[in-house]
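Welcome, and thanks for taking a look at this one with us. Please have the viewer open as you read, so that you can follow each contact by eye.

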2 protein chains.
Amino acid sequence: MRLCSLRNIPTLKHVAEEAGVAVSTVARVINDKGYVAEKTRTKVMRAVETTGYRVNSLARSLKSNRSHVIGHLLRSTEPNPFFVKVARGVEEYARSRGYTTLTYNMHGASEAERMGIETFLNWRADALIFSTPVSQENVRHAVQAGVPIVQVERPRSELGHRITVKNYQGAESAVRHLLELGHSRIAYIGVKPGSQGNRFADYVEDERFGAFRDVMSGRAGFDENLVRFAKPRSPEHIPGTGHGYQAMKDLLACAHNVSAVLASSDMIAAGVLQAIREQGLSVPGDVSVIGFDDTLSEYLSPLLTTVRLPANELGLTAAKLLIDQLEGKTPSDGQLIELDAELIIRKSTSTR
Amino acid sequence: MRLCSLRNIPTLKHVAEEAGVAVSTVARVINDKGYVAEKTRTKVMRAVETTGYRVNSLARSLKSNRSHVIGHLLRSTEPNPFFVKVARGVEEYARSRGYTTLTYNMHGASEAERMGIETFLNWRADALIFSTPVSQENVRHAVQAGVPIVQVERPRSELGHRITVKNYQGAESAVRHLLELGHSRIAYIGVKPGSQGNRFADYVEDERFGAFRDVMSGRAGFDENLVRFAKPRSPEHIPGTGHGYQAMKDLLACAHNVSAVLASSDMIAAGVLQAIREQGLSVPGDVSVIGFDDTLSEYLSPLLTTVRLPANELGLTAAKLLIDQLEGKTPSDGQLIELDAELIIRKSTSTR
DNA sequence: TTGTAGGCGTTATCAA
DNA sequence: TTGATAACGCCTACAA
């Protein structure tokens, strides 16, 4: 009985007929639970082979009320591979535990947030991961539907679990590195904390800039003329290469005698490099540059010294946290996990 | 009757009770088909609101035998955002037609191919998109299961639909551009055609290099000393920045008097820029460089002249082709669609 | 050790 | 115009 083609997909019933047993027996074999005589098992296995049986995850999930689906809401700001790395962490870990990841990539507009969440809920996802900032209202919507959630990297509220990065320590080690190299005229190019009008949303930029200001104040002295902020043009927009370019060009024009720059992302650093080079200056000969993220760093010249964010680990940890909870291995009260950011020294920094 | 929380998700039955009508009536309202009195409709709508009803896509798909899911198999070679752009094209288009995209990102190993396909088939995806090369055997597996498929960019067989890019024209226009700028000692750095041992797999590299060789032969003269190929270390490995760097360093060391380079990807071009800069030379002053893809180009300095691949359009077209077929608007016989590649002139090329 | 039967939430058919 | 009911494919008591 071959009927595997053209949407005539064999079911348990077909396998049962082929093997000459009852449907429930086949089910027991396939799910490996309950008593089955060895003889029957092999008979059934063979029938599974010949019919080309394949479980119907739809039916299984419907019946069991567990889809083994993790919904992942993200906003992949190309070319920034950061979120792709997070997504891979989620996907690979989930897969290793028998879960499928349903990814919803919203581009820009945040009215898509709600649609993404609705899609997940319609598909009865067992848990949700938000690796892009999501409004408290929308997160609550998911929580109220009874689905465990985790907010990754930029939580906007205290709902559910949260996984973040120690941005302060990361930025701190970057500035210390520059100071140790003998720099004192160090500029900061980033995004303005407070521009999102939400204390959670600003968390990341706050910490990065905060560390810069604190360390500089304590050592070389903090000069706000050496700080260049971009305001995101919209809540979804993340300032990138263009901003880094403009800001650096401006800094150089002002003759502030800058000898080093800490950029709050690799994309911004890419723009910084463009501006420096355009002036006929060299890196790190004339100016040292440090980025943040470790996304573009290996592709720029010179190889960029940067603060690495554990993107993959962020995704992996999120998936693990949720699956552990789903399987009763973890309490369900919101946890806060902080991962380390590590300074990676490459070729864009040198002594003054 | 509020029971929307904690996995006590309301069903049609609950809505029906709330509205005091039959389940089938609610179904008619929700799907907007069949006769429903205006009065009943509003009554039902209100019940939908108060109960917080949400369709169960699992049940719906099971019953209707149509999941409205498109499975997308890809291999996101970070940081190359190419595949992310393809994926976004797929996802956004599918969404606009009411389909959900299930993405399976295999990393490296191609034994994952089969697993990805199995996952899609288990979830009863209505159609599949392969935007990474997939073995003929595995593609056939999907086709035999009766699912429409499309192979994007690097088809490895003639199965199903295929969407490719006019790489030959793209490379041709790049070389012509360099010739017009007065260059004659033009190097080519890419991946060795034939290294995959499959005429389909080599399609892309064949065309890019073929155009280079053809145009050069006809004009400045083809010198194979100016060609540097990398062999992929494995079928999954794509030579990148490291290869570009090594190859360019080597070319410069050989004193071949190279004044321009065509790289077969932006990642390779990034390595080329690193090598050139390391020698204290400048771009485009000493050497002009052209990349391929338009992925990293805007982030390098100088802004890279490159051959843009229509990544987003590739994904969009694939999704459209399949959905049209699913909805009977397109014949199901395998179509071959070729999209244009366009030379984007930026700052890394100038007259000799 | 195996089989029977009910139900998961929908949709669709057919009566009423 | 509405309602009862039978699937869809799977799982799981419970009966045999």
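## A helix pair in chain B

The crossing of H8(B) and H9(B) is right-handed. This is a predicted model, and here helix H8 (residues 167–180) of chain B and helix H9 (residues 203–218) of chain B have axes that come within 8 Å and cross at roughly 35°.

Which residues bring H8(B) and H9(B) together? From H8(B) come Asn167(B), Tyr168(B), Ala171(B), Glu172(B), Val175(B) and Leu179(B). Their partners in H9(B) include Tyr203(B), Val204(B), Glu207(B), Arg208(B), Phe212(B) and Met216(B). Sorted by class, this contact of H8(B) with H9(B) has 10 nonpolar, two polar and four charged residues.

## The helix pair in chain A

Now turn to chain A, where helix H8 (residues 167–180) and helix H9 (residues 203–218) have axes that come within 8 Å and cross at roughly 35°. The crossing of H8(A) and H9(A) is right-handed.

On the H8(A) side, the residues in contact are Asn167(A), Tyr168(A), Ala171(A), Glu172(A), Val175(A) and Leu179(A). H9(A) answers with a list that includes Gly210(A), Ala211(A), Asp214(A) and Val215(A). The contact of H8(A) with H9(A) divides into 10 nonpolar, two polar and four charged residues.

## Where the chains meet

How many residues does each chain bring to the contact? Chain A gives 58 residues and chain B gives 58 residues. Together they bury an area of about 5400 Å², with 55% of it coming from carbon and sulfur atoms.

For polar pairing, there are 24 residue pairs in polar contact between chain A and chain B, counting those with both residues at pLDDT 80 or more. On chain A, the side that touches chain B draws at least two residues from each of helix H4 (57–64), helix H5 (82–96), strand S2 (100–105), helix H6 (112–122), helix H7 (136–144) and helix H11 (266–278). That side of chain A is made up of 25 nonpolar, 20 polar and 13 charged residues.

## Salt bridges across the interface

Over all chains, the structure holds 39 salt bridges, and two salt bridges are counted between chain A and chain B. In one, Arg54(B) pairs with Glu118(A), with the closest N and O atoms 3.0 Å apart.

In another salt bridge, Glu118(B) is joined to Arg54(A), with the closest N and O atoms 3.1 Å apart. This pair crosses between chains: Glu118(B) belongs to helix H6 (residues 112–122) of chain B, while Arg54(A) sits in the loop between helix H3 (38–51) and H4 of chain A.

## Backbone details in chain A

Some loops of chain A are worth a stop if you check backbone torsions. Going from Val283(A) to Pro284(A), the peptide bond is cis, with omega near 5°; Pro284(A) lies in the loop between H11 and strand S9 (288–293) of chain A. Going from Ser301(A) to Pro302(A), the peptide bond is cis too, with omega near -5°, and Pro302(A) is in the loop between S9 and strand S10 (305–308) of chain A.

You can find Asn257(A) in the loop between helix H10 (241–253) and strand S8 (260–263) of chain A.

Conventions: Residues numbered from 1 in each chain as written. Chains lettered and ligands numbered in written order. Predicted model: local features only at pLDDT ≥ 70, side-chain atom pairs only at ≥ 80, totals over all residues. Heavy atoms only, no water. Contact = heavy atoms within 4.5 Å. Buried area = accessible area lost by both parts, 1.4 Å probe. Salt bridge = Lys/Arg side-chain N within 4 Å of Asp/Glu carboxyl O. Polar contact = N/O pair within 3.5 Å; in protein donor to acceptor, adjacent residues only side chain to side chain. Helix = DSSP H or I, 4+ residues; strand = E, 2+ residues; numbered from the N terminus. Nonpolar A, V, L, I, M, F, W, Y, C, P; charged D, E, K, R; others polar. Axes fitted to C-alpha atoms, helices over the stretch in contact; angles between N-to-C directions. Left-handed = near helix turned anticlockwise from the far one by under 90°.
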